[in-house]
Amino acid sequence: MARDSRNALVALNRFGFGARGGASGDFVNAASDPRGFVKAELARPGAILLEVPGLQSTPQLAKAVFDYQFEQQQARAAAAKAAVPATEAAPQPQPAPGAKPPQSRGLSLANVAQDISPKEQPLQPAATSAAGATMAGAETMQPGAAPPPNPPKPAPPQLNVIQKTFRAEALARLQRATLVECGFAERLVVFWSNHFCISADKGGLARMWAGSFEREAIRPHVLGRFADMLKAVEQHPAMLFFLDNQQSLGPDSRAGINRQRGLNENLAREIMELHTLGVNGGYNQDDVTSLARIITGWTFAGRQGVLGTPGSFVFNANAHEPGTQRVLGKVYEASGLPQGEAVLADIARHPSTARFIATKFARHFVADDPPPALVAKLQDSFARTDGDLRSLANALIDSDEAWTAPLSKMRSPYEYLVATGRIFARVPEDPGRYLGNLNLLGQPLWSPAGPNGFPDTNAAWAAPEGMKLRLDIAAQASARLPDSLDPRELLELAAADAASEETRRTIERAESRQQAMAILLMSPEFQRR
């Protein structure tokens with residue numbers, strides 16, 4: 001079979017995370033059959049699910065975070081009790097008649113700190129305490145005394161259970177993206193995770209559950225039915241917490257009457273606007289309010305486990321709005337939990353949902369303004385197969401429009417950083433540098449600024465300031481590489497004869513190997529997809 005270098009680059013960059021370095025042979029494999037190379041990943045067992053030892057379920061993580069928060073609460077209460085003002089602990093002696101008042105100490109930070117310090121000893125690592133003792137000794141040294149030898153550096157602060165969990169989930173995701181052959185399956189996960197996004201910045205529970213939400217509500221359905229993913233997402237504790245549905249009470253429900261509190265429409269609105277029908281999808285405010293009433297009672301069990309296993313989805317009948325409701329012209333009889341599930345099933349099949357998902361899917365993978373013929377093919381596949389997402393992915397790969405469109409989209413920060421690790425054949429062992437660079441580039445992991453997720457257009461990622469930051473990261477990454485890596489050889493692995501003459505000449509003329517590596521990482525062949 002003839003070698004197709006141009007479409008090999010499309011296969012690896014547009015649909016995957018780019019070629020891997022080392023002896024992977026990704027570009028050669030892709031060039032022999034570009035479409036087959038991309039599709040093959042979907043047929044591999046375990047290509048989507050992320051089952052890593054140590055990663056726990058949402059209820060298990062809920063127990064851990066509830067226990068941690070309870071311990072913190074107890075510790076704060078104990079600290080407050082211990083910090084009793086000295087005036088309350090013992091009577092103060094009264095000055096003798098005519099005696100001068102005691103001289104006030106100077107208002108220094110040291111004196112203020114001494115006055116307000118708690119009576120209990122702070123919990124510090126031993127290294128930190130030793131460093132503190134060294135500094136205290138340094139303050140009392142006589143003039144002319146020799147400075148102490150290099151004092152030990154304070155130990156880094158210990159991570160709490162929420163931080164450890166987030167980093168473990170991030171590392172598992174990054175390692176999977178770095179190791180897979182093409183990356184199309186992982187790209188699908190990233191797309192759907194951003195479509196049904198939560199934000200880890202919402203609070204401790206959201207940060208704790210960000211990874212398990214993706215593992216439990218997104219990954220199992222990436223090649224399944226859209227309606228099943230929709231139901232899994234909207235009933236997952238992470239989404240319910242993110243959009244405050246646990247606070248929503250039916251006005252006429254028992255809990256609503258007793259607490260004099262009512263609806264929260266956040267989840268209902270985002271289901272229609274962002275998850276299914278899209279803006280101008282044929283719904284109105286009355287539909288949003290009706291859906292909000294229908295999904296009252298969709299919540300998760302708290303720390304006490306009164307409604308069920310802590311951190312699990314539960315239907316609280318006492319908070320559910322009773323009665324029939326009308327959504328998009330259809331009447332749904334009162335039936336408790338099945339009432340809301342029936343609405344989701346119907347919305348998932350709505351023509352507006354097919355159009356909205358097809359457009360967004362094409363925009364993510366192909367172009368900011370995707371070819372109308374491609375959108376029509378994807379919409380037809382979605383509607384004809386009852387939202388079968390494997391068929392949708394195959395329809396994308398089978399369409400000529402997805403291969404002939406120019407590589408004009410800019411890689412997102414996440415795609416850029418993963419592609420960099422892949423071409424250097426560096427499997428991350430610690431997520432810290434990735435997480436820091438994602439923050440720097442404006443795409444903090446699982447933490448978009450709003451429920452609409454991270455933007456998916458060039459305008460968001462191709463701004464001059466963002467490109468300058470990418471260059472800085474490229475230079476830093478290049479400086480850490482061993483001398484054995486040749487940028488010209490890496491260009492062959494990444495693009496082979498699909499690389500432009502301009503890119504080749506610029507790398508050849510670089511003043512140093514480090515500069516040449518940075519040029520490679522900033523080249524159109526590496527940045528565009």
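Me: A pocket is an open set of grid points with protein on both sides within 12 Å along at least five of seven lines. With that in mind, how much space lies in the second largest pocket?

Reply: The general idea is that rolling a probe the size of a water molecule over the atoms shows where empty space is left. The model here is predicted, and its second largest pocket holds about 430 Å³ of space. Its lining is made up of 21 residues, with G421, R426, R433, Y434 and R480 nearest the centre.

Me: Which helices each supply at least two residues of that lining?

Reply: They are α21, α22 (432–441) and α24 (464–479). Sorted by class, the lining of the second largest pocket comprises 12 nonpolar, 4 polar and 5 charged residues.

Me: What is the volume of the largest pocket, and which residues lie nearest its centre?

Reply: The volume of the largest pocket is about 570 Å³. Of the 33 residues that line it, N194, H195, G453, F454 and P455 are nearest the centre. At least two lining residues come from each of α9 (184–195), α14 (266–275), α17 (351–365) and α21 (413–423). Helix α9 gives the largest share, 5 residues. By class, this lining has 18 nonpolar, 9 polar and 6 charged residues.

Me: How many salt bridges are found in the whole structure?

Reply: For reading such pairs, the cut-off is a side-chain nitrogen of Lys or Arg within 4 Å of a carboxyl oxygen of Asp or Glu. A search of the whole structure finds 31 salt bridges. One of them joins the side chains of R3 and D497, at 3.9 Å from N to O. R3 is in the segment before α1 (5–14) and D497 in the loop between α25 (487–494) and α26 (501–508), so this pair ties together parts 494 residues apart in sequence. R3 is partly exposed at 48% relative accessible area, whereas D497 counts as exposed at 51%.

Me: D26 forms a salt bridge with R422. Is this pair buried or exposed?

Reply: Both D26 and R422 are buried. Their closest N and O atoms are 4.0 Å apart. The pair links distant parts of the chain, with D26 in helix α2 (residues 26–32) and R422 in helix α21, 396 residues away.

Me: What is the distance between the closest N and O atoms of E341 and K231?

Reply: Those atoms are 3.7 Å apart, and the two residues form a salt bridge. E341 belongs to helix α16 (residues 337–348) and K231 to helix α11 (residues 226–234), so parts 110 residues apart in sequence are tied together. E341 is partly exposed at 22% relative accessible area, and K231 is partly exposed at 36%. Elsewhere, salt bridges that share partners join R173, R176, E186, E214 and R219 into one network.

Me: Why is helix α15 (residues 285–294) described as largely enclosed by the rest of the structure?

Reply: Buried here means under 20% relative accessible area. Helix α15 is largely enclosed because 7 of its 10 residues are buried. These are D287, V288, T289, S290, L291, A292 and I294. They pack against α14, β1 (298–300), β3 (325–327) and α16.

How values were computed:
Residues numbered from 1 in each chain as written. Predicted model: local features only at pLDDT ≥ 70, side-chain atom pairs only at ≥ 80, totals over all residues. Heavy atoms only, no water. 1 Å grid on protein atoms, 1.4 Å probe; cavity = no way out; pocket = protein on both sides within 12 Å on 5 of 7 lines; lining within 4 Å. Points joined across faces, edges and corners; volume = space filled by probe spheres on them. Helix = DSSP H or I, 4+ residues; strand = E, 2+ residues; numbered from the N terminus. Nonpolar A, V, L, I, M, F, W, Y, C, P; charged D, E, K, R; others polar. Buried < 20%, exposed > 50% of the residue type's maximum accessible area, 1.4 Å probe, protein only. Contact = heavy atoms within 4.5 Å.
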